[in-house]
Amino acid sequence: MTTLQTTPPGHDVVLYDSHCRVCSGAAREMRKLVGGQGTKLLSFRDEGVLDAFPGVSFERCEKAMQLIQADGRVLEGAEAIVRALGRRPLGRLLYVYYVPGLRQLADAVYGVVARYRFRIAGRDCPDGACAVHFK
């Protein structure tokens with residue numbers, strides 16, 4: 001598996017889906033935990049956000065949260081959460097994610113929640129611009 005690389009932002013950036021109530025809630029909690037640590041949380045749906053990170057596509061962001069590390073490496077999904085929170089003292093406990101078997105389980109659970117997130121919690125689109133199609 002090749003690692004996606006994009007323009008290095010010089011600090012960590014988390015891209016989340018602001019139209020998803022689960023994602024927005026997770027971003028609020030993550031902001032409390034890492035916001036003062038140099039990590040920015042941005043909605044990939046905001047104007048110009050994806051333009052700053054070539055190679056990070058809208059489709060990728062639709063499927064999973066993206067963590068763009070300071071050096072431009074991109075991680076996604078459960079691993080993005082682990083790495084973003086892992087810099088906190090208690091967040092290091094999340095590195096249990098890398099234990100064989102647990103990683104696959106966490107990725108599978110994340111994938112199911114991500115795929116059905118709008119069915120689980122609905123959409124938050126005050127402008128009526130949601131154009132998500134359920135599969």
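Trainee: In which helix does Leu105 lie?

Mentor: Helices (H or I, at least four residues) and strands (E, at least two) are DSSP runs, numbered from the N terminus. Leu105 lies in helix α4. This is a predicted model, in which local features need pLDDT of at least 70, side-chain atom pairs count only at pLDDT 80 or more, and totals for chains, interfaces and linings use all residues. Residues are numbered from 1 along each chain as its sequence is written, and side-chain values use heavy atoms, with hydrogens and water left out.

Trainee: How many helices and strands does the protein chain have?

Mentor: The protein chain has five helices and five strands. Along the sequence, their order is β-β-α-β-α-β-β-α-α-α.

Trainee: Where is confidence lowest, and where is it highest?

Mentor: The predictor's confidence in each residue is pLDDT, from 0 to 100. The protein chain has an average pLDDT of 86, and 88% of the residues score at least 70. The lowest mean, 82, belongs to helix α5 (residues 117–121), while β4 has the highest, at 97. Where pLDDT is low, the predicted coordinates should not be read in detail.

Trainee: Which residues form the nonpolar patch on the surface?

Mentor: A patch joins residues with over 30% relative accessible area and no salt bridge, like charges within 9 Å and nonpolar side chains (Val, Leu, Ile, Met, Phe, Trp, Tyr) within 5 Å. A salt bridge is a side-chain nitrogen of Lys or Arg within 4 Å of a carboxyl oxygen of Asp or Glu. Here the patch consists of Val22, Val96, Val99, Leu102, Leu105, Val109, Val112, Val113, Tyr116 and Ile120, with about 790 Å² of accessible area together. Accessible areas come from the Shrake-Rupley method with a 1.4 Å probe; for residues, only the protein chains shown count as cover. Helix α4 (residues 102–115) gives the patch its largest share, five residues.

Trainee: Which residues of α3 are buried?

Mentor: Buried means under 20% relative accessible area, exposed over 50%, and partly exposed in between (1.4 Å probe, protein chains only). In α3, the buried residues are Ala78, Glu79, Ala80, Val82, Ala84 and Leu85. Helix α3 (residues 78–85) is thus mostly covered, with six of its eight residues buried. These buried residues pack against β2 (13–16), α1 (21–34), β4 (66–68), β5 (73–76) and α4. Over the 135 residues of the protein chain, the buried share is 37%.

Trainee: Which residues make up the largest nonpolar core?

Mentor: A nonpolar core is a set of buried Ala, Val, Leu, Ile, Met, Phe, Trp, Tyr and Cys residues joined through side-chain atoms within 4.5 Å. The largest has 12 residues: Val14, Tyr16, Ala27, Met30, Val34, Leu41, Met65, Leu67, Leu75, Ala80, Ala84 and Leu85. At least two of its residues come from each of β2, α1 and α3. Another core, of 11 residues, lies apart from it and includes Leu15, Phe44, Cys61 and Ile68.

Trainee: Is Thr39 buried or exposed?

Mentor: Thr39 has a relative accessible area of 10%, so it is buried. Thr39 sits in the loop between α1 and β3 (40–43). Contact means heavy atoms within 4.5 Å; beyond its neighbours within four places in sequence, Thr39 contacts Asp12, Val14 and Val34.

Trainee: Why does Gly86 count as buried?

Mentor: Gly86 counts as buried because its relative accessibility is 3%. Gly86 belongs to the loop between α3 and α4. Leaving aside neighbours within four places in sequence, Gly86 touches Gly91, Arg92 and Tyr95. Gly86 and Val34 are 52 residues apart in sequence, with 9.6 Å between their C-alpha atoms.
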